[in-house]
Amino acid sequence: MISMKTLLHKYGNPLEWDSATKSALLLCLTLFAHSQYLLWAWYQLSVFAPEANQHYVNIAFLEPRLSFFGYVWAITLSLFLLVLSLRKRYPNSEWYEHLATQYYSGTLIYCSYVIGTLNIATGVVLAGAPVVGFILFNRRAVVLAFAVSIVGQIFISYMCAWGGWPYAPLVMNFQEAGGVLSHFWFETMYYFAAPHLIFLTVFAYHVLSRWRRREDEIRLLSLTDPLTQLSNRRSILSNLNHEHERSRRYGASLSLLLVDLDHFKKVNDSWGHYAGDQVLIEAGKALKCSVRQNDYVGRYGGEEFLVILPDTDTEGAYQLAERCRQHLEALEIKVATSKPLKVTGSMGLYCNETNRTITAEQMLHYADEALYKAKEGGRNRVVRSDERVKVVNIADVPTL
């Protein structure tokens, strides 16, 4: 018999299974439950059963039905093997799901009649099975099976209430003298409920965990630049707003660094977009490695990067910016038909240490003005927003 763990490991995400595999899983659970019921019935009728159990089990009702339980078990096994044998040829036929859900529903309706419709085992199935069913199976199959189950449960309950049928004909002395709950039936009901409860809990946990992981992946993709794997524009601006609000609230300095790769258009025009992509990837890595763990680096757009430096004054930010500039300058990007490309960047720096009331948009504006002055001043340099320019020596090598 194929266990649920084996199916989960072999076939991956249950939401992506074909109809036959989903149906085989439900028939596997049904077969396990029927095996459990059959073993319990056989034990109660065997010489090994304690004599005390005869006080709680209606042997006259159970004994002639033991062979019937055996036939049901054999039918369940046959249906399970049939679905598995047809799975490769007809993997996505909806009738599999109708067959599995209706069979599961029908056999459990009979079992609930035998042990009582108003007990924990019946409640676990009625409450949990539809939830997992709607996640896994075709909605039409689940709605039909659930409707049949509800109608069946109501019909049996009313027949028992009106005296047409005995309620829970297998059960005797559910309560001891004085109204005390029978330990035998208390443990037996949990024995009947256990496989359904365990399966529903484990399966729901597995599916919901996959959903959470998928949501996290989608969220990460929505906030990540697919090329550089840095924060995208939306994400880095969200980080800026967060840090700006924190700066205003607690009075900590906040610095921004706008970085623009020099002569980037020439790379795409001369060596193609693949080389341009490599330049952006390596530049992003260099910037990320140049800053601290609590700093933010994101692709602001095109060949521009935005670096956010929380709790950093102008002098500290300038030192970090200079380190970023040097790491960019040290890069050499290998291309197939040319000597390695040298990378440089122009940088505009702004810090709000003298003006905490400035908005995030104004900070970006002043950093952009400083970046423009860095380009005007010869590129490959850092310019602070107060327009002080640090002139650097540019190596006499081909640059971007």
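## Contacts along the chain

In this predicted model, 70% of the contacts in the protein chain between residues at least 6 apart in sequence join residues at least 24 apart. Contact here means heavy atoms within 4.5 Å.

Residues are numbered from 1 along each chain as its sequence is written, and side-chain values use heavy atoms, with hydrogens and water left out. Because the model is predicted, local features need pLDDT of at least 70 and side-chain atom pairs count only at pLDDT 80 or more, while totals for chains, interfaces and linings use all residues.

## Overall form

The protein chain holds twelve helices and seven strands; helices (H or I, at least four residues) and strands (E, at least two) are DSSP runs, numbered from the N terminus. The chain is more spread out than a compact globule, because its radius of gyration is 35 Å, well over the 21 Å that the globule rule gives for 400 residues. That radius is taken over C-alpha atoms, and the globule rule is 2.2 Å times the number of residues to the power 0.38. The C-alpha trace spans about 100 × 55 × 35 Å along its principal axes.

## Surface and charge

Of the 400 residues, 47% count as buried. Buried means under 20% relative accessible area, exposed means over 50%, and partly exposed lies in between (1.4 Å probe, protein chains only). The accessible surface of the protein chain is about 20900 Å², and carbon and sulfur atoms account for 59% of this. Accessible areas come from the Shrake-Rupley method with a 1.4 Å probe; for residues, only the protein chains shown count as cover.

There are 38 positive and 36 negative side chains, and the centres of the two sets are 4 Å apart. Lys and Arg count as positive and Asp and Glu as negative, whereas His and the chain ends are not counted. The place of a charge is taken as NZ of Lys, CZ of Arg, CG of Asp or CD of Glu.

## Leu349 and Thr314

Leu349 lies in strand β6 (residues 345–351) and is buried, at 2% relative accessibility. Not counting residues up to four places away in sequence, Leu349 touches several residues, including Ser255, Ala317, Tyr318, Ala370 and Val383. The C-alpha atoms of Leu349 and Tyr366 are 8.0 Å apart, and the two residues are 17 apart along the chain.

Thr314 is also among the residues that Leu349 touches. Thr314 belongs to helix α11 (residues 314–329) and is buried, with a relative accessible area of 16%. Leaving aside neighbours within four places in sequence, Thr314 is in contact with Leu349, Cys351, Glu353 and Arg384. Thr314 and Ser255 are 59 residues apart in sequence, with a C-alpha to C-alpha distance of 7.0 Å.

## Buried polar residues in loops

Asn380 is in the loop between α12 (360–376) and β7 (382–384), where it is buried at a relative accessible area of 1%. The side chains of Asn380 and Arg325 form a polar contact of 3.1 Å. A polar contact is a pair of N or O atoms within 3.5 Å; within protein, one must be able to donate a hydrogen and the other to accept it, and residues adjacent in sequence count only if both atoms are side-chain atoms.

Ser46 is found in the loop between α2 (19–45) and α3 (59–62). Ser46 is buried, with a relative accessible area of 13%, and its side chain reaches the backbone oxygen of Tyr43 at 2.9 Å.

## Positive phi angles

Most residues other than glycine have a negative phi. Asn173, which is not a glycine, has a positive phi of about 55°. Asn173 is placed in the loop between α7 (139–161) and α8 (183–223) and is partly exposed, at 33% relative accessibility.

His263 likewise has a positive phi, near 55°. The loop that holds His263 runs between β1 (254–261) and α10 (264–290). His263 is partly exposed, with a relative accessible area of 41%.
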